[in-house]
Amino acid sequence: GIAIIYGSDTGATENVAKSLHEKIGEDKVDLLEVNSISPDDFRKYKTILIGVPTWYIGELQSDWDYFFPEFKKIDFTGINTTYMQNSASMQPRTSR
């Protein structure tokens, strides 16, 4: 299966995660907040998109910061991962 796992303080990364969830198909991918899962949950998926916003000069979002010691122990062998990052310093682009 496929999962989108994210953390969000202001809702920006949550909005991106929810948008991807809808575009990929809610029946094809699970949407999970990192503050409500365990390291074992990562082993349930073959593909994981990880939403990790950063603050200030690259500090982890609070839920990921709290989870990070456990995250480092996860064996990702056989799991395809990709990351999306939002940052307060990122400016939205508009098309003309």
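Reader: Let us begin with Lys73: how is accessibility to be read, and is this residue buried or exposed?

Author: Accessibility is sorted into classes: buried means under 20% relative accessible area, exposed means over 50%, and partly exposed lies in between (1.4 Å probe, protein chains only). Lys73 has a relative accessibility of 63% and counts as exposed. The model is predicted, and therefore local features require pLDDT of at least 70 and side-chain atom pairs count only at pLDDT 80 or more, whereas totals for chains, interfaces and linings use all residues. Residues are numbered from 1 along each chain as its sequence is written, and side-chain values use heavy atoms, with hydrogens and water left out.

Reader: With which residue does Lys73 form a salt bridge?

Author: The general idea is that side chains of opposite charge can pair when their charged atoms come close. The criterion applied here is a side-chain nitrogen of Lys or Arg within 4 Å of a carboxyl oxygen of Asp or Glu. Lys73 meets this criterion with Glu70, the closest N and O atoms being 3.5 Å apart. Glu70 itself is partly exposed, at 35% relative accessibility.

Reader: How many salt bridges does this rule give?

Author: The rule gives three. Asp41 and Lys44 form one of them, with an N to O distance of 2.8 Å. Another links Glu14 with Lys18, whose closest N and O atoms are 3.1 Å apart. Both of these residues are partly exposed: Glu14 has a relative accessible area of 23% and Lys18 one of 37%.

Reader: Where do Glu14 and Lys18 stand in relation to each other in helix α1?

Author: Helices (H or I, at least four residues) and strands (E, at least two) are DSSP runs numbered from the N terminus. In α1, residues 12–24, the two residues are four positions apart and thus separated by about one helical turn. The whole chain contains two helices and six strands, and these elements follow the order β-α-β-β-β-β-α-β from the N terminus.

Reader: In what order do the strands form the open sheet?

Author: Strands count as paired if DSSP finds at least two bridges between them. Four strands make up the open sheet in the order β2-β1-β3-β6, with parallel pairing. β2 (29–33) and β6 (80–84) are the edge strands; each has a single partner, so one side of each lacks a neighbour in the sheet. On average, neighbouring strands of this sheet are turned by 20° against each other, direction ignored. Strands β1 (residues 2–6) and β3 (residues 47–51) are joined in the parallel sense over five bridges, and Ile4 is placed opposite Leu49 of β3.

Reader: Across which strands does helix α1 lie?

Author: Contact means heavy atoms within 4.5 Å. Axes are lines fitted to C-alpha atoms, for helices over the stretch in contact, and angles between N-to-C directions run from 0 to 180 degrees. α1 lies across β1, β2, β3 and β6, at about 165° to β1. Helix α2 (residues 62–71) also packs on the sheet, where it touches β1, β3 and β6 and makes an angle of about 145° with the direction of β3.

Reader: Which residues touch the most other members of the largest nonpolar core?

Author: A nonpolar core is a set of buried Ala, Val, Leu, Ile, Met, Phe, Trp, Tyr and Cys residues joined through side-chain atoms within 4.5 Å. The largest one has 14 residues, and those touching the most other members are Ile5, Phe42, Ile48, Ile50, Trp64, Phe67 and Phe71. At least two residues come from each of β1, β3 and α2, with the largest share, three residues, supplied by α2. A second, separate core has five residues, among them Ile4, Tyr6, Val29 and Met84.

Reader: What does Phe67 touch, beyond residues up to four places away in sequence?

Author: Phe67, in helix α2, is buried at 8% relative accessibility. Beyond that sequence limit, Phe67 touches Val34, Ile37, Ser38, Pro39, Phe42 and Ile74. Val34 lies 33 residues from Phe67 in sequence, with a C-alpha to C-alpha distance of 7.5 Å. Over the protein chain, 75% of the contacts with a separation of 6 or more are between residues 24 or more positions apart.
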